[in-house]
Amino acid sequence: MNPVIPGMHPDPSVCRVGEDYYLVCSSFEYFPGIPVFHSRDLVHWNQIGNALERPSQLHLTAETPSSAGIYAPTLRHHDGRFWLVVTSVSHGGGNMVFTATDPAGPWSDPVPLPGVAGIDPDLAWDDEGNCWCTVAGVQQYRVDPATGETFGEPRRLWSGTPGAKAPEAPHLYRIGGHWYLLIAEGGTERGHGVSIARAASPNGPFEPCPANPILSHRSTDERVQNTGHADLVQAADGAWWMVLLGVRPGGGTPGWHVLGRETFLAPVTWTDGWPVVGELTSGEPGSPASERDDFDLPELRPSWISLRDRFEQHCTTKERPGRLTLHARGSGMDDPAVVFAGRRQQHLSCLVRTLLDPAEGRGGLAVRLDEAHHYEIEAAYGEVRVLARIGPVATVVASRPVPEGPIVLVVRVYEARTLLDARSGPDTLSFGVEEPDGTFTSLATLDGKYLSTEVAGGFTGRVIGLYAAAGTVHFDWFEYQQLN
Ligand code: 6LW
């Protein structure tokens, strides 16, 4: 069932070692960066870590805007090591290489590639031992990935289909007697697609596939849209597969997607030496996902992500074992420095609950697209409020006095299955509290379209999590449940 990795997991890159597959995605302003997944069947993926988990590997500050940070990795296995090349679009960024012997980590500190200009770097090695770094545009450099040195001038390889914008996300492969150059083009929105060209040498000249784009859902009524930014992998049984990003827009027109760009899988066959992409079956993963965290481990699980950094003095499970303690820095979800720990919203309908103790501060449960697009419910001693920020407008939507003491805050997200009119949003979000007898009291229900990529802009999707806006807040547990 697709998406194979739901929620904000764009720009997938995959490699196989024996029977094991590994996959990485972009992570933007979130820390730790570059989630790493493992699978034995390409369908079920388990997150085994994050490649960039130390400040020496990923240094993002309050000046790093949302949808900046870390873009479009390539993951390869070569010479007994895993190689990861990424672009940081933040200050002092650029392209850089990380290596590991175990993809679960630890990964090395970065080796910068100062001579390589352009996003979406790829690494490929030829039989003479040359390493080729190919970037959007499409341009190619000969590099030494161990030292970061670049040799000679960049070479222009291909600019994709004439008239199509943004030839990017290149991946270069030697398959049989040819070198194949796979790219995305048309932009990462509704026009997105995948095209391919081939040559006898890694440096071209490249001949485009007559059937390009080999994959695109542009101007179709397919459930999954924006398909592109792909990577190819040959399975242990010899079959070929493609991982790619796609979105699931909902609501009326023009359609809003809220989970970000997700990772999909499609079968690939070969005809006349060209790949033919099979059907992208869709539907949410069968067994409803449900996760509860009691914060009883010294470290947060790898699916927890924070904004720009995570320091133990602000965010820790060690201060009170069995609790996540957040010490506020920044005034709330509008503040790029806010102390936040969350997980990607991965399902179109879901229920999220948390038990917190606001005795020493103020904080709560937020659904975040970026600093300027978020809804949250927060508790301070004696009061609960629902807040909404949509672009430049911020407001308190509802408030209610509550008894002193720990409180369960709840958000219920429901995919809109019937549309009221052409403008109907993709989902609704109800924020409320759980009463001592377990019943839910809603304080406010809000239209989800304002927390969509089409409204907020950028490359990310929703993240749901916990934050402190003042003082210290202790969270006893956090529960995320897919709703059908
Ligand atoms: C990425 C580009 C893209 O660098 O989006 O979908 C950009 N493609 O290739 C950010 O993820």
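**Exercise 1: The annotated positions**

In this predicted model, Asp11 has a relative accessibility of 5% and therefore counts as buried.

Task: Determine which residues UniProt lists for "active site", and whether Glu168 is buried or exposed.

Solution. 
1. The unreviewed UniProt entry lists Asp11 and Glu168 under "active site".
2. Asp11 lies in the segment before β1 (13-17), whereas Glu168 belongs to strand β14.
3. The relative accessible area of Glu168 is 15%; because buried means under 20%, Glu168 is buried.
4. Beyond four places in sequence, the contacts of Asp11 include Ala72, Pro73, His229 and Arg261. With the same exclusion, Glu168 touches Ile119, Asp120 and His192, among others.

**Exercise 2: The cavities**

Task: State how many cavities of 30 Å³ or more the structure holds, and describe their linings.

Solution. 
1. The largest cavity contains about 60 Å³ of space. Its lining includes Ser306, Asp309, Arg310 and Phe340, and the elements giving two or more residues to it are β24 (305-307) and β27 (339-344).
2. By class, this lining has 6 nonpolar, 2 polar and 3 charged residues.
3. The second largest cavity contains about 40 Å³. Among its lining residues are Ala72, Pro73, Asp120 and His229; β6 (70-78) and β14 (168-175) each give two or more residues.
4. The lining of the second largest cavity divides into 5 nonpolar, 3 polar and 1 charged.

How values were computed. Residues are numbered from 1 along each chain as its sequence is written. This is a predicted model: local features need pLDDT of at least 70, side-chain atom pairs count only at pLDDT 80 or more; totals for chains, interfaces and linings use all residues. Side-chain values use heavy atoms; hydrogens and water are left out. On a 1 Å grid over the protein atoms alone, a cavity is a set of points where a 1.4 Å probe fits but cannot get out, and a pocket is an open set with protein on both sides within 12 Å along at least five of seven lines; lining residues have an atom within 4 Å of a point. Grid points are joined across faces, edges and corners, and a volume is the space filled by probe spheres set on the points. Helices (H or I, at least four residues) and strands (E, at least two) are DSSP runs, numbered from the N terminus. Ala, Val, Leu, Ile, Met, Phe, Trp, Tyr, Cys and Pro count as nonpolar, Asp, Glu, Lys and Arg as charged, and the others, Gly among them, as polar. UniProt positions are given in the numbering used here, feature names are shortened, and annotations may be inferred rather than shown by experiment. Buried means under 20% relative accessible area, exposed over 50%, partly exposed in between (1.4 Å probe, protein chains only). Contact means heavy atoms within 4.5 Å.
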